[in-house]
Each structure stands twice: as C-alpha cells, then as structure tokens.
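Please have the model open as you read.

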Amino acid sequence: MRRRKAQEREVLADPKYNSKIVGKFINMLMIKGKKSIAEKIIYECFDKVKEQLNEPDAIKVFHKAIDNVRPRLEVKPRRVGGATYQVPIEVRQERGTSIALRWIRDFARTKKGKPMQVKLAEEIIAAYKGEGSAIKKRDDTHKMAESNKAFAHFRW
C-alpha cells in the first residue's frame, strides 16, 4: 500500500426523510456549496416521482432505483509484466451505492431542456422500472467484467 487510507466522513441524514442515502445524494448534487438549492431540487423531484407513479412513498422508489442501478462487479486495471489487464472485482456495498448515485446524477445532468427536478425524476423512475441510461451503464460494466473473467486470477 502506497498511501494511507482516506478517513471516511460521516454523512448527515437529510432533514425531511432522515435518510443518509438521500443526504449523500443531496451532497453529490450540490454545486458550489449551495445545499438548500440541492435539497429543494431533490424534494421537488421526489414529489414528481410520487405524482407520476401514484406511489405514497418516494423514498422506497428511490431505494429500489438505486438497488437496480448498483453494479455488482467492475473492472480495475492491473499492470502485470508490461501489460495492463482489466481485472474484474466485486463492488462493496457503499461503493456500489455511490456509483449508482453518481450515474443517476450524471445522466440526469446530460439531458437538456428541462429543469433538474424533472430530469432527476425521469432518471429515478426509469431506474425503478429497470430501464434508462443508468441501467444500461450498469449492464455495460457487468458485460466488461464478464468478458475479462479470464484475468480474475490477477486479483490481489
């Protein structure tokens, strides 16, 4: 190991739903420290999700969407004797959650012509139904890991 491990910070739960994952998502969405705006975007997004799916609990939909997007495997480049191999490794729970949140956020940001609340709501609903860009990204990641299974013995 070359460097020390980064100290893990405790993420505060969000005020409305008292959920750490929602708090983490608010922090990820936040730009230039404007947390109140990020909170407003997420809460309005959850209202839109409730409205579109006729679901009383938006948090359950959100958690299910994250579970659907969370990757189980990923590839990590390993250098062995001058050649770089893409070695498949299993993804830890916390890392998988943060990857899923990042993918949902990034794909919502790349959409054009709508407010962020609407784009996020669409992305979360698509992930909840098992479709959309974030699900495709997860499947591509799994395919990459599957096709490089031969190099799994380089894991260490």
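## Salt bridges

A salt bridge here is a side-chain nitrogen of Lys or Arg within 4 Å of a carboxyl oxygen of Asp or Glu. The structure holds 11 of these salt bridges. This is a predicted model, where local features need pLDDT of at least 70, side-chain atom pairs count only at pLDDT 80 or more, and totals for chains, interfaces and linings use all residues. Residues are numbered from 1 along each chain as its sequence is written, and side-chain values use heavy atoms, leaving out hydrogens and water.

For accessibility, buried means under 20% relative accessible area, exposed over 50%, and partly exposed in between (1.4 Å probe, protein chains only). Arg 105 and Asp 106 form a salt bridge at 3.0 Å, N to O; Arg 105 is buried at 15%, while Asp 106 is partly exposed at 30%. Arg 138 pairs with Asp 139 in a salt bridge, with the closest N and O atoms 2.9 Å apart. Here Arg 138 is buried at 18% and Asp 139 partly exposed at 31%.

In the salt bridge between Glu 146 and Lys 149, the closest N and O atoms are 3.0 Å apart. Lys 149 is exposed at 51%.
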